[in-house]
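Student: I have a new structure to look at, and I would like to learn how to read it. Could you take me through its features one at a time?

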Amino acid sequence: MLSGMRPTGRIHLGHYHGVVKNWVELQHTHECFFFVADWHALTTHYEDLSHLEDNTREMVIDWLAAGINPGSATMFVQSWVPEHAELHLLLSMITPLGWLERVPSFKDQQEQLKDRDLATYGFLGYPLLQSADILIYKAGLVPVGEDQVPHLEITREIARRFNHLYGREPDFAERAEQAIAKMGKKNARLYRDLRRRYQEQGETEAIEIARALLESQQNLSIGDRDRLFGYLEGSGRIILPEPQALLTRSSKLPGLDGRKMSKSYHNTISLRDAPADVEKNIRTMPTDPARVRRTDPGDPEKCPVWQFHQVYSGQDVMEWVQAGCRSAGIGCLDCKQPVIDAVLGELAPIQERAREYEADPSLVQNVLNEGTEAARDVAEETMTEVRRAMGLAYR
């Protein structure tokens, strides 16, 4: 599983609940690669890179403080793994221009960032760089929200096109049969039966069982396993597997002004904000406009503080808020206090861990160095296959 974030410095509660908290859970159930997407930052902000290094360090400190464990997940910086750039270049040779121009966010970001000169290949080609990021680790899953699923489809199309162009080896069927023989008589017989049922009768269940069977084969090399995945479908060897979307819950946490929490809106609560600042900012949050006076009843659904309760409060507190707000039995400051206590309670251990990394910057550097080394090993293995498939392995 692979996911990345642009280096924007310290992360806020929106990032935490929308992305990082999910990463913390996934690292215990998947082989995870989390990377700092510093090259992606250049696609829209290439003119000012003065804070790029500091932003990278500060963001990774927050990842670590939030609970990402370098023993459970691989963390690295995108630009430290040059194989990303090589795969990006090679994929650009086969990717039709129209595919890039139709990516939904291409025109959307042009509209939103009219003050920037985005007439660059880097901006047009960033979905292709994203595809390279994913495909170079053969990521089976990519965590995305529902609105981002179309963005992942271009990666699937590129992988499909690459495999179609370069996956058919001259002796593909012969090598596939040799790989089947390595599975043992019982498993080989089962694989052939499942392959026949899928190809002759179109049984989708058969291909899923066959894929699970291949995943369980410890004596197959990665190349043989990919070859047999392709042999199942009657195609060539699958060099770059098509990733699947891992749908994630979206953050319900608004900014301090009720809009989306974003640094550009200056409405965030950062993970390392001082407790006094957190309390002050929540206390001064706008509430239901109908509650002009303390005695005026309100509607929690019209108040951004209610969305904080939905994230941080238990059922008993939410019922207390609903009843007290609608009857004017409690004031807005009364309503905010449980949120303040819950946010401060969540941030306290995070801030304590962050102080350890702030005090010794070498800890962050070591995590990234080790993660980059591990990422490069995987990336280079993929690139060896890609170069060989494209006839570039003569050096």
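**Reading the model step by step**

Tutor: Gladly! The chain has 18 helices and five strands; helices (H or I, at least four residues) and strands (E, at least two) are DSSP runs, numbered from the N terminus. This is a predicted model, in which local features need pLDDT of at least 70, side-chain atom pairs count only at pLDDT 80 or more, and totals for chains, interfaces and linings use all residues. Residues are numbered from 1 along each chain as its sequence is written, and side-chain values use heavy atoms, with hydrogens and water left out.

Student: What box do the C-alpha atoms of the chain fill?

Tutor: Taken along the principal axes, the box is roughly 80 × 45 × 40 Å.

Student: How many of the residues are buried?

Tutor: Let us begin with the term. Buried means under 20% relative accessible area, exposed over 50%, and partly exposed in between (1.4 Å probe, protein chains only). Here, 47% of the 395 residues in the chain are buried.

Student: And what share of the contacts links residues 24 or more positions apart?

Tutor: Contact means heavy atoms within 4.5 Å. Among contacts in the chain with a separation of 6 or more, 77% join residues 24 or more positions apart.

Student: Now to helix pairs. How is packing described?

Tutor: Two packed helices are described by the angle between their axes and the distance between the axes. Axes are lines fitted to C-alpha atoms, for helices over the stretch in contact, and angles run from 0 to 180 degrees between N-to-C directions. Take helix H11 (residues 185-201) and helix H12 (residues 204-215): their axes are 8 Å apart, at an angle of about 150°. H11 and H12 are therefore roughly antiparallel to each other, a label for angles over 145 degrees, while under 35 counts as roughly parallel, 65 to 115 as roughly perpendicular and the rest as oblique.

Student: In which hand does H11 pass H12?

Tutor: The crossing is left-handed. That term applies if the near helix is turned anticlockwise from the far one by less than a right angle; clockwise gives right-handed.

Student: Which residues of H11 and H12 meet?

Tutor: From H11 come Asn187, Leu190, Tyr191, Leu194, Arg197 and Tyr198, and they meet Ala206, Ile207, Ile209, Ala210, Leu213 and Leu214 of H12. The residues of this contact of H11 with H12 divide into 10 nonpolar, one polar and one charged. For these classes, Ala, Val, Leu, Ile, Met, Phe, Trp, Tyr, Cys and Pro count as nonpolar, Asp, Glu, Lys and Arg as charged, and the others, Gly among them, as polar.

Student: How do H15 and H16 cross?

Tutor: Helix H15 (residues 304-312) and helix H16 (residues 315-326) have axes that come within 9 Å and cross at roughly 160°. H15 and H16 are therefore roughly antiparallel to each other, and H15 passes H16 in a left-handed crossing. Trp306, His309 and Gln310 in H15 meet Val317, Met318, Val321 and Gln322 in H16. That contact of H15 with H16 has four nonpolar, three polar and no charged residues.

Student: Which residues of H15 are buried, and what covers them?

Tutor: Pro304, Val305, Trp306, Phe308, His309 and Tyr312 are the buried ones in H15. Their cover includes helix H1 (13-26), H16 and helix H17 (332-359).

Student: Where does UniProt place the feature "binding site"?

Tutor: The record, an unreviewed entry, puts it at Asp133. UniProt positions are given in the numbering used here, feature names are shortened, and annotations may be inferred rather than shown by experiment. In the model, Asp133 is found in helix H8 (residues 126-135).

Student: Is Asp133 buried or exposed?

Tutor: Asp133 is buried, because its relative accessible area is 2%. Leaving aside neighbours within four places in sequence, Asp133 is in contact with Leu2, Phe35, His40, Gln78 and His84.
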